[in-house]
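Trainee: I would like to go through this model by asking about it piece by piece. Please give the cut-offs as we go.

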Amino acid sequence: MTTVFSNSVVDDDTRRGLLYEGKVFTYSATPASKELVGLAHQLIAEAFGGRDPETAQFAMPVEEFAALLAELKPRFIHHPRCKELLPAVLADLGCELDRTYFDVPRLRTSTSNDYLTSGISYAFHPHRDCWYSAPFNQLNWWIPIYPVVPENVMAFHPRYFDRPVRNGSARYDYAEWNQTSRLSAAQHVRSDTREQPRPEEPVELDPQVRVVPEPGGVMLFSGAQLHSTVPNTSGRTRFSIDFRTVNIDDVRARRGAANVDAACTGTTLRDFVRCTDLDPMPEELALEYEAEALARLS
């Protein structure tokens, strides 16, 4: 069973504990999340010119659409306002900023009718972020930019939160991915040949949970949740923002979701910076997590 909390007033420490147990939280749009979505609107409008970005896919060759996204997405990721707005979003929702670290926000797209499902607009198969070297105390934050519907969001597969799935994570190393695969995303238009962890046994997609926040609304869940991109049949391209956080006290204490089936190596911890001053995650913690990942394989 997956419990979804709406506009909960529990404190952040309690919330993190519930998220590590498989609960999901949603919040109405906050002043900071509205501003973040407003920035995304501005950059998307500039990129698409006079075209409606949600329906432009029907008037553009797929290669042109992919090339547009390849320029748009890094502009958003590296925009200086994002580093200011993400801590503000977290403050609006009760995080302790001196204990909370975040990674870069990503602008995601899910096109309709299988128009573009690889590379720069990858349609994710069922997966846990923990298969991709994420720490087990990672929390995922997801914000729609335009209105979304059940036919273009993501799905959680709750029966697998504490049930292992045979998967290819043992062949995944985060450092190697950064060196060889991440930068080539825009080159994969018709298909995606990059090695990524995926289930290696049949996964029952139902029962599933789909959450539909308002534009600027926030959904929060554990990186250990098995989730997937819903096949988009809505007739509109979905645009959303996601980013991830870890609490350094949980990182030090190894407090997080249980590892039920991840066997990857490396760690994403070096991607995280502190909300208050953008200081990086202490290197010794990343080294400890890398050593533990290797120890699991021995």
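Trainee: In which loop does Thr265 lie, and is Thr265 buried or exposed?

Mentor: This is a predicted model, in which local features need pLDDT of at least 70 and side-chain atom pairs count only at pLDDT 80 or more, while totals for chains, interfaces and linings use all residues. Residues are numbered from 1 along each chain as its sequence is written, and side-chain values use heavy atoms, with hydrogens and water left out. Thr265 lies in the loop between helix H6 (248–253) and strand E10 (273–274), where helices (H or I, at least four residues) and strands (E, at least two) are DSSP runs numbered from the N terminus. Buried means under 20% relative accessible area, exposed over 50% and partly exposed in between (1.4 Å probe, protein chains only), so at 11% Thr265 counts as buried.

Trainee: Which residues does Thr265 touch?

Mentor: Contact means heavy atoms within 4.5 Å. Not counting residues up to four places away in sequence, Thr265 touches Ser133, Tyr172, Asp173, Tyr174, Ala293, Leu294 and Leu297.

Trainee: How many residues of helix H1 are buried, and what covers them?

Mentor: The cover of the buried residues includes strand E1 (4–6), strand E2 (24–27), E5, strand E7 (218–222), E9 and H6. Among the buried residues of H1 are Asp12, Arg15 and Arg16. Helix H1 (residues 12–20) is mostly covered, the buried count being seven of its nine residues.

Trainee: At what angle do H2 and H3 pack?

Mentor: Leu36, Leu39 and Leu43 are among the H2 residues that meet H3, where Phe65, Leu68 and Leu72 are among the partners. By class, this contact of H2 with H3 has eleven nonpolar, no polar and two charged residues; Ala, Val, Leu, Ile, Met, Phe, Trp, Tyr, Cys and Pro count as nonpolar, Asp, Glu, Lys and Arg as charged, and the others, Gly among them, as polar. Axes are lines fitted to C-alpha atoms, for helices over the stretch in contact, and angles run from 0 to 180 degrees between N-to-C directions. With axes 10 Å apart, helix H2 (residues 31–48) and helix H3 (residues 62–77) pack at about 145°.

Trainee: How many disulfides does the structure hold?

Mentor: A disulfide is a pair of cysteine sulfur atoms within 2.5 Å. For Cys130, the nearest cysteine sulfur is that of Cys264, 7.6 Å away. For Cys275, the nearest is that of Cys95, 7.1 Å away. The number of disulfides is zero.

Trainee: What kind of aromatic pair do Tyr146 and Phe239 form?

Mentor: Rings of Phe, Tyr and Trp (its six-membered ring) pair if their centres lie within 6.5 Å; planes under 30 degrees apart count as stacked, over 60 as edge-to-face and the rest as tilted. Tyr146 lies in the loop between strand E5 (139–144) and strand E6 (154–156), and Phe239, 93 residues apart from it, lies in strand E9 (residues 238–247). The ring centres are 5.7 Å apart, with 85° between the planes, which makes the pair edge-to-face.

Trainee: What is the phi of Leu278?

Mentor: Most residues other than glycine have a negative phi. Leu278 is found in the loop between E10 and helix H7 (283–297) and is partly exposed at 35% relative accessibility. Its phi is positive, near 65°.
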